[in-house]
Each structure stands twice: as structure tokens, then as C-alpha cells.
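Please examine the sequence and the three-dimensional structure shown below. The paragraphs that follow lead through them step by step.

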Amino acid sequence: MRGAVLHAPGDVRLDTRDDPRIEHPTDAIIRLAATCVCGSDLWPYRGIEAVDGPVPMGHEYVGVIEEVGAEVTTVKPGQFVIGSFFASDNTCEICRAGYQSRCVHAELIGAIGTQAEYARIPLADGTLVATPAMPDEKLVPSLLAASDVLGAGWFGAIAADVAPGKTVAVVGDGAVGLLGVLAARELGAERIIAFSRHQSRQQLARAFGATDIVTERGDEGVAIIKDLTGGFGAQSVIEAVGTQESMMQAIRSTRPGGHVGYVGVSHDVTLPGDELFFSAVHLHGGPAPVRRFLPDLIDRILTEAIDPGSVFDLTLPLNQVAEGYKAMDERRAIKTLLQP
Ligand SMILES: [Zn+2]
């Protein structure tokens, strides 16, 4: 089959890879209906994360089951399925508490690489959620978004304790931040302040429910959040970048007693203990347990209550994967959908 392989920073190619096969009786093989490039794929693409030889890429996926292992009972060939970027058994104590991304048997789908024609999905019973019927083609991008960025934005909002009547600020205008805005709206936030300095992203943030846009960042941005909230700061802040600056911007934008939900993959973030102590904020986050939210998110998508697929502003055939990465790296695209 054909699949994306990162050979070195900036060098992603569509190579011929081995066809996946059932390796464990709990596996399923899916034929990808759509896949995409994640903001987190840009870390190794930009060389910020080390690239250790040629590595398969991609961890977001929707598709149709081709084959299942002997022990798989809850999904079957022919079904359209969505899963998270972590495979999980969904039965261990951590999973049952709602933290499937930290399942005791968790496996990273990124190591398998779903920017490809086919993929092996481990722990299929726990990982995959089937739609009741073959979904309408137009809903496929939104279902694909549920595989990672929507689930991550949703977890950011839940971790930030978003609730009706609250004021929410969102740090980061990538796909996760924008879908954090959508999640905040769905969870009833009264006011949603999005940090963004890019016009196309500001427009999408407003379409997803942002009531205010702040173009300043760092301490200047924090000062504006304070101005907008009677000097207090926001009650809920979603952090969707993962840098030192964005994390401090999130903590400083939060009022005492408020909540920070951090879902940007942390890169060299160091928190000053004294400032954290006196901030009196709640911090919660980490790799989003997308599997927890999938049934609810799929239902909202199939009933067309939400349209998270509009984060995809570039659609390319899989053989143009290199351009898909380049467009996101140069911020010409928010998120690239790839058609196998
Ligand atoms: Zn588990």
C-alpha cells in the first residue's frame, strides 16, 4: 500500500509500505476513508522533535473495517468506524474512569501511521466506535475531526470546567483551539474570547462561537483579558499550543479559583512554582481521552448539530501529502484533509 513516511525534517513522502495485517487477535484492519495532517505532526516535520530514521506518519483516521482478529466482537467488517490516536482496551480501571489515553494497555496510533491507504488498529473493541450506518460523504470530514482535534478541544473545555454562564478564553488558533471554541459554545459558555491574529482563523473562531477576538499575546494579551473580565481574568481557559509562552498566557489569563484545561502537547514547558502557588488556579489536561467523548461527538455530528469538519480548509489526494504538510507549516492551511 501507499503511506506517508517522514525521512528527515521537511521531507515527507508517499512511499510503498507493507500492507498491514492482523498481528494480534484483538486487531482490526481498516481501509481509510479519510485521514489528515495534525499540528503535532509539524513538531517532527520542523525538526523540533528528533526524527529517528524514516517513520510512518499520521494518527487521525476514519474508515471501513476490512478484517478483524478472532477475539474482536463489537465491530465487524463493512462497518464505518472512528477511533482515537491512542488505542485503548476501554475496560481497565483508568479507562473506566474516563482516561482512555492513559489506558494501561494504550498504544500510540502514530507509531502505526494512518496517512495511508490501510491501517492496523490495535484493541479494536475498545478503540473503535462504529456509526449506525454508512455516513453521508459530506459528514466524513467532521467524523475525521472527532478522531483527534475535536476530541482534544472538547477535553480542553471539560478540563477547563466550561459550563453555562462562564467566560472562557482560548489560547491557540490551530484546529484544536478553534474546536475548543466550538466545545465551549456547545457546553454553554456565555462569553468566549479567542486569541488569534490570523484573519481566516478569527473568522472560523467566530463561526464556532467566539464572542471576542484578542490579537495581542503574552502579557499584553493577558492585560486585555483582565480588562474584558472586570480585572479578574477568565473562569475557564483552554491552552491549545504547548509552549512556555502559551502556558503562562493561559495561567495568567485565569482568575483565582478558575480552571486551565491544557491540551497543547507540552514542549519544554517549565512552571514557576511560586507563581503557580499564588495563582490559585486549577490545572488539568494532558493527552485527550478522545474515546470518552466519541459516542456523544459522533451523535452531534450525525444530527448535524455541529460542523467541526470546517477546520479542514485544504483537501488533497494522499499523493500530495508533501504539499499538505508544507501548507500547514507555512500557515497557508489550518488543517489538511488527505484522501487515500
Ligand atoms: Zn484501559
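This is a predicted model: local features need pLDDT of at least 70, side-chain atom pairs count only at pLDDT 80 or more; totals for chains, interfaces and linings use all residues.

Domain 1 is made of two stretches of the protein chain, 2-148 and 289-339, while domain 2 covers residues 150-285.

The two domains touch: 19 residues of domain 1 are in contact with 16 residues of domain 2. On the domain 1 side, the elements that contribute two or more residues are helix H4 (140-146) and helix H11 (290-302). H11 supplies the largest share, with four residues. Sorted by class, this side of domain 1 holds 13 nonpolar, four polar and two charged residues.

In general, nonpolar side chains tend to be buried together in soluble globular proteins. Apart from its neighbours within four places in sequence, Ala-28 is in contact with Ile-65, Glu-67, Val-68, Gly-69, Val-72, Val-75, Ile-121, Ala-124 and Leu-128.

Helix H11 deserves a separate description. At 1.5 Å a residue, its 13 residues should span 18 Å, and the distance of 17 Å between its end C-alpha atoms agrees with this. Which residues of H11 are buried? They are Val-290, Arg-291, Arg-292, Phe-293, Leu-294, Leu-297, Ile-298, Arg-300 and Ile-301. The elements that cover these buried residues include strand S6 (80-82), helix H3 (124-127), strand S10 (129-130), H4 and helix H5 (149-159). After H11 comes Glu-304, with a positive phi near 60 degrees.

Helix H4, which is among the elements covering the buried residues of H11, contains Leu-144. Is Leu-144 buried or exposed? Leu-144 has 29 C-beta neighbours inside 10 Å and therefore counts as buried, the cut-off being 20 or more. Leaving out neighbours within four places in sequence, the contacts of Leu-144 are Ala-34, Cys-36, Glu-60, Val-62 and Leu-337. The C-alpha atom of Leu-144 is also separated by 7.5 Å from that of Gly-309, although these two residues are 165 residues apart along the chain.

Methods
Residues are numbered from 1 along each chain as its sequence is written. Domain bounds come from an automatic or database domain assignment. Two residues are in contact if their C-beta atoms, placed from the backbone, lie within 7 Å. Ala, Val, Leu, Ile, Met, Phe, Trp, Tyr, Cys and Pro count as nonpolar, Asp, Glu, Lys and Arg as charged, and the others, Gly among them, as polar. The expected span of a helix is 1.5 Å times one less than its number of residues. A residue is buried if 20 or more other C-beta atoms lie within 10 Å of its own, exposed if 12 or fewer, and partly exposed in between; C-beta atoms are placed from the backbone.
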